[in-house]
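Subject: Structure handover

Hello,

Here is the structure I promised to pass on. My notes follow below it.

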Amino acid sequence: MLLFMIAVGIGIFLFGAAGTWGPYKEGLRANGDPRFFLVMMGFGTVFALVALRILQIQVNSAGRDGRDRSRGNPARPWESDHPWRPEGQVPDYAGNSGGFLLGLIAFLGMLGLFNLVFISPSPWLLRGIVLFFDLFGLLFLLDALRKAWQAIRHGRPRMRWTTFPAFLGDRLEGVFLIRRTLRTAGPVRATLRCIEDASGGESATLEPFVIYQQIREIGGGGDALRELPVSFDIPPDLPGTHLDRAAATYWQVLLQVPVTGPDFETVFLAPVYKRQDVN
């Protein structure tokens, strides 16, 4: 069904394009307003992108369900619950950047359709509502541009875990690695946090809740940063990582580096587990 919806969206776009360019333009425009075909192009694009995004979510959900059913060693869950790379862990959420971009394009495309109210007679109340949503779209766009500028300027950082895995009650240690030197404007703020995915209120949708966090400030201003040792003492009375189920529990290390311009921020999944009793 989703593939059919994507095909329909592409068909609507092609119809709008045929009325805008090409040999059939004049014949189609004879029976309609030229702006109608621009609307069709925009509607077809948004329709196809939204269906594609839903398809991506469904595929990711199926993959997660498959991971939930995977059979790893219960005594060593870090070997099967996540593709850990202790020699150079990439930031968390980095693998979902394509999905975020797709969703952003679909959202901005939908806003573009809504903004057609400004080129046609429309009530001022409707224009005000559209303008309100435009402000949200601008915030999302600025955030996406900030992240893109950060990636271009600093490259993708990594975390080398020197304790892998780390157990509750022990110490988590790693080295933050940055491809290009950062000139810090102040101490680096490092946050260790434990997060649980749980149902929020009456909604069945899982939402992340921070159940613990520990904040440290490392270094000082003016340092030329290429590598930064990071360490935390882990409390013993908290849940360990469980990434092999939908209602996951996981640990993260968030790093905020003050630099000239927008601060550099990145977050890594941390391999913090409960020590298994060995009989």
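How many bridges join S3 to S6, and do these strands run parallel or antiparallel? There are 9 bridges, and S3 and S6 run antiparallel.

Before the rest, two remarks on the basis. This is a predicted model, so local features need pLDDT of at least 70 and side-chain atom pairs count only at pLDDT 80 or more, while totals for chains, interfaces and linings use all residues. Residues are numbered from 1 along each chain as its sequence is written, and side-chain values use heavy atoms, with hydrogens and water left out.

Overall make-up

The chain has 5 helices and 9 strands. Both are DSSP runs numbered from the N terminus (helices: H or I, at least four residues; strands: E, at least two). Along the sequence the pattern reads α-α-α-α-α-β-β-β-β-β-β-β-β-β. Of the 279 residues, 35% are buried. The classes are set by relative accessible area: buried is under 20%, exposed is over 50%, and partly exposed is in between (1.4 Å probe, protein chains only).

The sheet

Three strands make an open, antiparallel sheet in the order S1-S3-S6. Pairing here requires at least two DSSP bridges between two strands. Strand S1 (158-161) and S6 are the edges; each has a single partner strand, so one side of each lacks a neighbour in the sheet. From one strand to the next, the twist averages 25°. That angle is taken between axes, which are lines fitted to C-alpha atoms (for helices over the stretch in contact), and runs from 0 to 180 degrees between N-to-C directions.

Salt bridges

Side chains of opposite charge can pair when their charged atoms come close. The criterion is a side-chain nitrogen of Lys or Arg within 4 Å of a carboxyl oxygen of Asp or Glu.

Arg 171 pairs with Asp 233, with 2.6 Å between the closest N and O atoms. Arg 171 sits in strand S3 and Asp 233 in strand S6 (residues 224-233), so this pair ties together parts 62 residues apart in sequence. Shared partners join Arg 171, Glu 173 and Asp 233 into one network of salt bridges. Arg 171 is partly exposed at 35% relative accessibility. Asp 233 is partly exposed too, at 48%.

Arg 275 and Asp 170 form another salt bridge, at 2.3 Å from N to O. This pair links distant parts of the chain, 105 residues apart. Arg 275 is in the segment after strand S9 (272-273), and Asp 170 is in the loop between strand S2 (166-167) and strand S3 (171-183). Arg 275 is partly exposed at 45%. Asp 170 is partly exposed at 31%.

Arg 76 bridges to Glu 79, with the closest N and O atoms 2.5 Å apart. Arg 76 is partly exposed at 38%.

Aromatic pairs

A pair of aromatic rings is described by the distance of the centres and the angle of the planes. Rings of Phe, Tyr and Trp (its six-membered ring) pair if their centres lie within 6.5 Å; planes under 30 degrees apart are stacked, over 60 edge-to-face, and the rest tilted. The count comes to 7 aromatic pairs.

Trp 78 and Phe 167 have ring centres 5.7 Å apart and planes at 75°, so the pair is edge-to-face. Trp 78 lies in the loop between helix H3 (34-68) and helix H4 (97-114), and Phe 167 lies in strand S2, 89 residues apart. Trp 78 is buried at 9%. Phe 167 is buried at 14%.

Phe 176 and Phe 264 make a tilted pair, 6.4 Å centre to centre with 45° between the planes. Phe 176 is in strand S3 and Phe 264 in strand S8 (residues 264-270), so the pair ties together parts 88 residues apart in sequence. Both Phe 176 and Phe 264 are buried.

Ring pairs also link Trp 78, Trp 84, Phe 164, Phe 167 and Tyr 273 into a cluster.

Surface patch

Leu 125, Ile 129, Phe 132, Phe 133, Phe 136, Leu 139 and Phe 140 form a nonpolar surface patch with about 710 Å² of accessible area together. Patch residues have over 30% relative accessible area and no salt bridge; like charges are joined within 9 Å, nonpolar side chains (Val, Leu, Ile, Met, Phe, Trp, Tyr) within 5 Å. Areas come from the Shrake-Rupley method with a 1.4 Å probe; for residues, only the protein chains shown count as cover. Leu 139 lies in helix H5 (residues 124-154). Leu 139 is exposed at 55%.

Best wishes
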